[in-house]
Amino acid sequence: MDFYGRIKEICPLETGTSERGTWQRQTVVVESFENPNNFLAIDAIGERIQQLGKFTEGNPVKVSCSVNSRKGEKGYFTSATLWEIKPL
């Protein structure tokens, strides 16, 4: 999925440990150009975190991401995972 907008926030880096080892995740929040006040929080994982270092809040961007939903104990959970982020 491609999403065009302006970076509203770049959240702090999160780290942790799971059964598969250590992990890192950083979330970027992008506000849509087409629908102001419509935001998408997108997680950058692993090496894609480095892509976020080139941007600051307020930058206009094109984001390519995957959007997935899965069923949990209390309903459905949706996540967006970064593939690529480019300046406009």
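Arginine 25 is partly exposed, with 29% relative accessible area; the label covers the range between buried (under 20%) and exposed (over 50%), worked out with a 1.4 Å probe and protein chains only. This residue forms a salt bridge with glutamate 14, and the closest N and O atoms are 3.0 Å apart. A salt bridge here is a side-chain nitrogen of Lys or Arg within 4 Å of a carboxyl oxygen of Asp or Glu. Arginine 25 sits in strand 3 and glutamate 14 in strand 2 (residues 14-18), so the pair ties together parts that are eleven residues apart in sequence. Glutamate 14 is partly exposed too, at 33% relative accessibility.

A word on the source. This is a predicted model, where local features need pLDDT of at least 70 and side-chain atom pairs count only at pLDDT 80 or more, while totals for chains, interfaces and linings use all residues. Residues are numbered from 1 along each chain as its sequence is written, and side-chain values use heavy atoms, leaving out hydrogens and water.

By the salt-bridge rule, the count comes to three. Here they are:

| Arginine 25 | Glutamate 14 | 3.0 Å |

Helices (H or I, at least four residues) and strands (E, at least two) are DSSP runs, numbered from the N terminus. Lysine 62 is partly exposed at 23% relative accessible area, and aspartate 2 is partly exposed at 43%. As for the remaining pair, lysine 86 is partly exposed at 39% relative accessibility and glutamate 84 is partly exposed at 34%.

Now for the inside. The largest nonpolar core has 16 residues, and those with the most contacts inside it are Val30, Ile42, Val61, Val63, Leu82 and Ile85. Such a core is a set of buried Ala, Val, Leu, Ile, Met, Phe, Trp, Tyr and Cys residues joined through side-chain atoms within 4.5 Å. Two or more residues come from each of strand 1 (2-10), strand 3, strand 4, helix 1, strand 5 and strand 6. In soluble globular proteins, nonpolar side chains tend to be buried together. Not counting residues up to four places away in sequence, valine 61 touches Phe3, Tyr4, Gly5, Ile7, Val30, Phe55, Ile85, Lys86 and Leu88; contact means heavy atoms within 4.5 Å.

Leucine 88 comes in the segment after strand 6 (75-87) and, at 55% relative accessibility, counts as exposed. Together with Tyr4 and Phe33, Leu88 forms a nonpolar surface patch with about 310 Å² of accessible area. Patches take residues with over 30% relative accessible area and no salt bridge, joining like charges within 9 Å and nonpolar side chains (Val, Leu, Ile, Met, Phe, Trp, Tyr) within 5 Å. The areas come from the Shrake-Rupley method with a 1.4 Å probe, and for residues only the protein chains shown count as cover.

Back in strand 3 (residues 21-32) we find threonine 27, buried at 10% relative accessible area. Its side chain makes a polar contact with the side chain of aspartate 43 (2.6 Å). A polar contact is a pair of N or O atoms within 3.5 Å; within protein, one must be able to donate a hydrogen and the other to accept it, and residues adjacent in sequence count only if both atoms are side-chain atoms.

Serine 32 is also in strand 3, and at 8% relative accessibility it counts as buried. A polar atom of the serine 32 side chain lies 3.1 Å from the backbone nitrogen of glutamate 34, and one lies 3.1 Å from the backbone nitrogen of asparagine 35. Leaving aside neighbours within four places in sequence, serine 32 is in contact with Phe3, Tyr4, Gly5 and Asn38.

Asparagine 37, in the loop between strand 3 and strand 4 (39-45), is exposed at 64% relative accessible area. Phi of asparagine 37 is near 70°, a positive value in a residue other than glycine. Asparagine 59 lies in the loop between helix 1 (49-52) and strand 5 (60-72), and a polar atom of its side chain is 2.6 Å from the backbone nitrogen of threonine 56.
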